[in-house]
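Please examine the sequence and the structure before reading the solutions.

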Amino acid sequence: ILDILRCLPVKYRDVFLLKYSGNMDNDEIAKVLNITEGTARQRLSRGKIMIQEALNKRENNEINGNNG
């Protein structure tokens, strides 16, 4: 999963890490990153989607015998 996190654009990765490693709520994340709370929620949601898509792609590649 760390490889996938490293591949996320920084603006999504920062929000994700503050939420789940820093145990911050969206209001705290918004203040730290100087963005609105809505933007923090949006970036978290989009980041989760990107992570899920990357995990699905990795799983499909493993099932199909590809290494990518």
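**Exercise 1. State in which helix Asn-26 lies, whether Asn-26 is buried or exposed, and which residues it touches.**

Step 1. Asn-26 belongs to helix α3, where helices (H or I, at least four residues) and strands (E, at least two) are DSSP runs numbered from the N terminus.

Step 2. The model is predicted: local features need pLDDT of at least 70, side-chain atom pairs count only at pLDDT 80 or more, and totals for chains, interfaces and linings use all residues. Residues are numbered from 1 along each chain as its sequence is written, and side-chain values use heavy atoms, with hydrogens and water left out.

Step 3. Asn-26 counts as buried because its relative accessibility is 13%; buried means under 20% relative accessible area, exposed over 50%, and partly exposed in between (1.4 Å probe, protein chains only).

Step 4. Not counting residues up to four places away in sequence, Asn-26 touches Lys-19, Glu-37, Ala-40, Arg-41 and Leu-44, contact being heavy atoms within 4.5 Å.

**Exercise 2. Describe how α2 crosses α3 and which residues make the contact.**

Step 1. The α2 and α3 axes cross at roughly 135° and come within 10 Å. Axes are lines fitted to C-alpha atoms, for helices over the stretch in contact, and angles run from 0 to 180 degrees between N-to-C directions.

Step 2. α2 is therefore oblique to α3; angles under 35 degrees count as roughly parallel, over 145 as roughly antiparallel, 65 to 115 as roughly perpendicular and the rest as oblique.

Step 3. From α2, Asp-14, Val-15, Leu-18 and Lys-19 make the contact, and from α3, Asn-26, Ile-29, Val-32 and Leu-33.

Step 4. By class, the contact of α2 with α3 has 5 nonpolar, 1 polar and 2 charged residues. Ala, Val, Leu, Ile, Met, Phe, Trp, Tyr, Cys and Pro count as nonpolar, Asp, Glu, Lys and Arg as charged, and the others, Gly among them, as polar.

**Exercise 3. Carry out the analysis for α2 and α4.**

Step 1. The axes of α2 and α4 come within 8 Å, with a crossing angle of roughly 100°.

Step 2. α2 is therefore roughly perpendicular to α4.

Step 3. On the α2 side, the contact includes Tyr-12, Val-15, Phe-16 and Tyr-20; on the α4 side, it includes Ala-40, Leu-44, Gly-47 and Ile-51.

Step 4. The residues of this contact of α2 with α4 divide into 8 nonpolar, 1 polar and 5 charged.

**Exercise 4. Locate Asn-23 and Asn-34, and give the phi of each.**

Step 1. Asn-23 is in the loop between α2 and α3. Its phi is positive, about 50°, although Asn-23 is not a glycine.

Step 2. Asn-23 is exposed, with a relative accessible area of 64%.

Step 3. Asn-34 lies in the loop between α3 and α4. Phi of Asn-34 is near 60°, a positive value in a residue other than glycine.

Step 4. Asn-34 counts as exposed at 72% relative accessibility.
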